[in-house]
Amino acid sequence: MTWAIITVLVTATLRAATPLLLAALGGIFSERSGVVNIALEGIMLVGAFAAVWVSFVTNSALLGMLGGMAAGIAYASLHAVASIKYKANQTVSGVALNLAAAGLTEFMLNKVWGQAGGTPSVAKMPDLFGLNLFVYLAFILAFAAHYALWKTSWGLRLRAVGEHPLAADTVGVNVAKMRYWGVLLSGAFAGLAGASLSIGLLSRFVHGMTAGKGFIALAAVIFGKWNPLGAIAATLLFGVSESLGTIFQTLGITAIPYQFFSMTPYVLTMLALAGFVGRSTPPAASGLPYEKAH
Amino acid sequence: MKGGTTVPPFTHNMLKLNGITKRFGSLVANDSIDLEVRQGEIHALLGENGAGKSTLMNILYGLYTPDEGTIEWKGKPVRIDGPGHAIALGIGMVHQHFMLIPVFSVAENIVLGMEPGGAVLDMKQANERVREISNQFGLEVDPEDKIESISVGQQQRVEILKALYRGAELLILDEPTAVLTPQEVVELGKIMKSLVAQGRTIIIITHKLKEVLHLADRVSVIRRGRKITTVEAQGRTEAELANLMVGREVELKVDKQEATPGASVLEVSHLSAKNDRGLLALKDVSFQVRAGEIVGIAGVDGNGQSELIACMTGLRKPAGGTVRVNGKDLTARSPKEVREAGVGHIPEDRQRRGLVLDFSISENAALGDHRKFTRYGFLNYGKMADLAERIVKAFDVRPPEPEYMARALSGGNQQKVIVGREIMRDPDLMLAVQPTRGLDVGAIEFIHRRLVEERDNGKAVLLVSLELDEVMNLADRILVMYKGQIVAEVAGQEATEENLGLMMAGGGARG
Amino acid sequence: MAKESGLSRVVHEAVEAVSIPVLATIVGMIVGTVFILIAGKSPIQAYTAFAQAVAGSPRAFGETLVSTIPLIFTGLAVSLAFRSGLFNIGVEGQYLVAQIAAVVVGYAVKMPEGLSPGLAGLFHVTLALLAGTAAGAFWASIAGLLKAFRGVHEVINSIMLNYVALFLGSWLLNAYLKGSSGQGSSQPVQATAALTQGLIEGSRLHTGLWIALVAAFVVWIILWKTPSGYEIRAVGLSPGAAEYAGISVGRNIVLAMALSGALSGLAGAVQTLGVNRRFFETTAFVGYGFDGIAVALVGRNHPLGVILAALLFGALERGGPQMQAAAGVPKAVIYIVQGTVIFFVAAEGIWRFLRNRKVKTEVKTA
């Protein structure tokens, strides 16, 4: 009995953590390069939709996954161009993209399937040992991201432009190029995160299906101190909280209202930022456009 | 030109600039500058702040593109597209504000952009390379230290190492001594000699005459964007260089009468304070300033001056001790209370502290006293404009338009607005911190005269400056700060650069 | 620099200020048209339906104004924070907690018997509005205090607080406020706590409109005519100079955030008392807060601009569903248009870039 509950909890936690982890990795790449990306939510939504669409057309979940990534990259490129080339306010650009993503996916849902609400079922990624392939992929990618950021020259440069772009520029590092890397990778990862919802967890697109997961991922970026391994810990913690909430709700336990579990990631992140749960300091130049001299 | 170029027997040009012109809007920062730098020399670029030295060097380093003119590098014309290209050519630059990433290690900073080991970062090899070069040129640093944990002098060495690691043959040092102690300056001199001995060429940008005479082989003088001349450093005098730099006879002394100090206005006793990193930066400092005298604080940057001023103006809480003005205890009071107690403050950083750049001159005139510019509780813009009108007239602010945005004014005029505002408030104590930094000679003379006038009107003036000349010219008494303490007091007339310099390096006893 | 005459400078500045929002709106319309075409509908038909819905009749215009009212408040909230250098992305959450507070007071507080209906209404409405305003101010102050005393960026905390408010609302509703009408909404407020509707015959236009216009005027007075406003603006433009001048940066951050939250709170309370009359359970945000960011940007953070921009976005919100009903164009197009407008106002560098390029080519050809 206890064993069964633990198994359920662990599986539910891993499932809940997967999309969060993938999106958080995206957020890490973007913020480490110095671009704040609150459009993760919108990019996820676009990725989730594109994955279903491609899977629907090709009947291949793998192509669907790649389609989700590609759509994420394409959508993030808008944020990249606005933030890097045109020095837009990155938060505002993110708000615009989140808003437009909701509209765009709803519009396309209507256009392609002529219906509101959701799509029919499409091919989804297979499970392995009771867990979807996306789960394994997310954790493998987290370690890969860690390696890329801390053990490669590319990672050193990416982090450098996020800390002190002028210093990086003066030693010949192309600031704009590294920031495009950061933002476009965040698009790829957030797109993948969206795909993990629509053709991993489910096998269809549902209107507004990200439901704030992009923002929880953002919280995980911070709670994990802008570090992929930290993000694993953060998303697992948030995943536990979410699955406990679901389990309580399903079992009808009202001692702790499920809403309190839902709040936990946000409250924890605020506490972490305020220095009550270990201090969290962002990359120094995060959010600041880099104005190149001429 | 038939038969090759006319190269002098023992030297050839490493670098030749022909007619370099650079404009920023209507400002001509560099006006058709020609410059030749010989292989193996230390070439000083001398000029006042804003003369265009840094612009020229940023062009050479590929950070700016010139509007006109050509660059020849080792005899071949080149177009330098960016720092990466400059580095590839063998040009390295040490910026005045260090370009280091605080959270990265020394070696990470040095190899960034040119990492050993290809795609996979090989930090072991990086650390070894850094050790090798630092041994070769006598630049001691630990490659594994974090930048945020090492001293300013060491950070400068890291900057030089960065250039050498990239194979720089020509090193540009932008105001390299501004942040160094006199001893560190001597160290730097040795390093420069060692670099030149090993075949490197150095351009040093400076406005300090003494450095030029000490360090350089040749000097090019830049004035208002134009190159005036290039001369051998040997056999020149400071006065000669000063006249070239400014373009007219420079009054090296400010005309002033003997001070007639009255009652004590400022009394600082046993003041201590921590810096931003939580280290004790001001240790048990006591002194007083009387009405009708200017007390100067001399010292190398970062020896506790900023913390001292911050404590006196309420911008930082002291760790111990007291500050009294006219007998009133102002220890750990808010900036507002300090201002209201009759303290004027010309801040060190005029653009970040002294003005709201996107406010008009009028709104800035009221800054700090804005609660007094009201009628029935609402802001009275007319009253602000009246004050601004008086300030621009009395302090010769150009353009004399109260509704002008502060951002649109030149640095000198911005400073005049600040000085005017603070003097108009008629404080009993004036704290003037670096009041003339970055200004041209005209504005410097103007502000100096106003400060002496304040003194003659019976005000107490505390002057903090990194420019020894300024302190020696203005102060009736000089306090020397070193490592957070006042290590000496000298009467204004008795001060010489030599004895002050020695004490600033910690070589003096409290006298 | 030649001195421009006062009038021509004012005109020049006004044109500068208006040009980017107008250009962005035009781009938004173009993008909208493209999507209408993709949807296979006639833009002319769609725009006719849109215009009909927005201003085709007094009633329709009244309904457009109903959509405009909350946006004036949220736009003001965002712009006041912007003026102090803060980005209040937490308007959604502040709006939510204010709705709860207004409903609690509107439902639970009883006016004493024997009070004339007019007075009872005045007291009750005022009380409920104050409760909402205070709740919004309190919620925003959390982010303000954390910024002022712990140095945490307000954007992140605001986002986090939005979600906390969302779940808090859901919990409070289900645990304490559930109405008799069934799932998903609270008890209604009493008649005395409702704002009067019917300012325009047949529409739901309520007296909240006057409150919104007064709020805009008050924000203008505060920012430009009072010493406190001077301090808020000084902190926004240069925290270093403000601190030097004896202006407490921390205090003003908290103050500006609280004022901004108060305006968001007013938005929630007025919407509740004027239109909804109860609190509805939501799993997502209504969007007035995010739209407020757009309104503030398009309105150039000036109260007058905010009113005009709120009218634009209010019209989009009102016209969208009607366009769907009458011309078959998915209302999602409206979100795309809104996103586009915000995006192109945010990326104003694009316009500078285009203008500079134009100048350059002109110089070349000359």
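Visitor: What should I know before I start?
Guide: This is a predicted model: local features need pLDDT of at least 70, side-chain atom pairs count only at pLDDT 80 or more, and totals for chains, interfaces and linings use all residues. Residues are numbered from 1 along each chain as its sequence is written, while chains are lettered from A and ligands numbered from 1 in the order in which they are written.

Visitor: How many helices and strands does chain B have?
Guide: Chain B has 17 helices and 22 strands. Both are DSSP runs, numbered from the N terminus: helices are H or I with at least four residues, strands are E with at least two.

Visitor: Why does 25 Å agree with a compact globule for chain B?
Guide: Because a compact globule of 511 residues would have a radius of gyration near 24 Å, and chain B has 25 Å. The radius is taken over C-alpha atoms, and the globule rule is 2.2 Å times the number of residues to the power 0.38.

Visitor: What share of chain B is buried?
Guide: Of its 511 residues, 49% count as buried. That takes 20 or more other C-beta atoms within 10 Å of a residue's own, with C-beta atoms placed from the backbone.

Visitor: Switching topic. In what order do the strands of the open sheet in chain B run?
Guide: The order is 2-1-4-5, and the pairing is antiparallel. Two strands pair if DSSP finds at least two bridges between them.

Visitor: Which ones are at the edges?
Guide: Strand 2 (27-38) and strand 5 (76-78) of chain B, each pairing on one side only.

Visitor: How many bridges join strand 4 to strand 5 in chain B?
Guide: There are 3, and strand 4 covers residues 68-73. Glu72(B) stands opposite Pro77(B) in strand 5.

Visitor: Now the chains together. How many residues of chain A are in contact with chain C?
Guide: 38 residues of chain A contact 40 residues of chain C. In contact means C-beta atoms within 7 Å, placed from the backbone.

Visitor: Which helix of chain A gives the most there?
Guide: Helix 4 of chain A, with 15 residues. By class, that side of chain A has 24 nonpolar, 11 polar and 3 charged residues. Ala, Val, Leu, Ile, Met, Phe, Trp, Tyr, Cys and Pro count as nonpolar, Asp, Glu, Lys and Arg as charged, and the others, Gly among them, as polar.

Visitor: And the contact between chains A and B?
Guide: Chain A gives 19 residues and chain B gives 20 residues. Helix 6 of chain A has the largest share of chain A's side, 6 residues.

Definitions and conventions. Two residues are in contact if their C-beta atoms, placed from the backbone, lie within 7 Å. A residue is buried if 20 or more other C-beta atoms lie within 10 Å of its own, exposed if 12 or fewer, and partly exposed in between; C-beta atoms are placed from the backbone.
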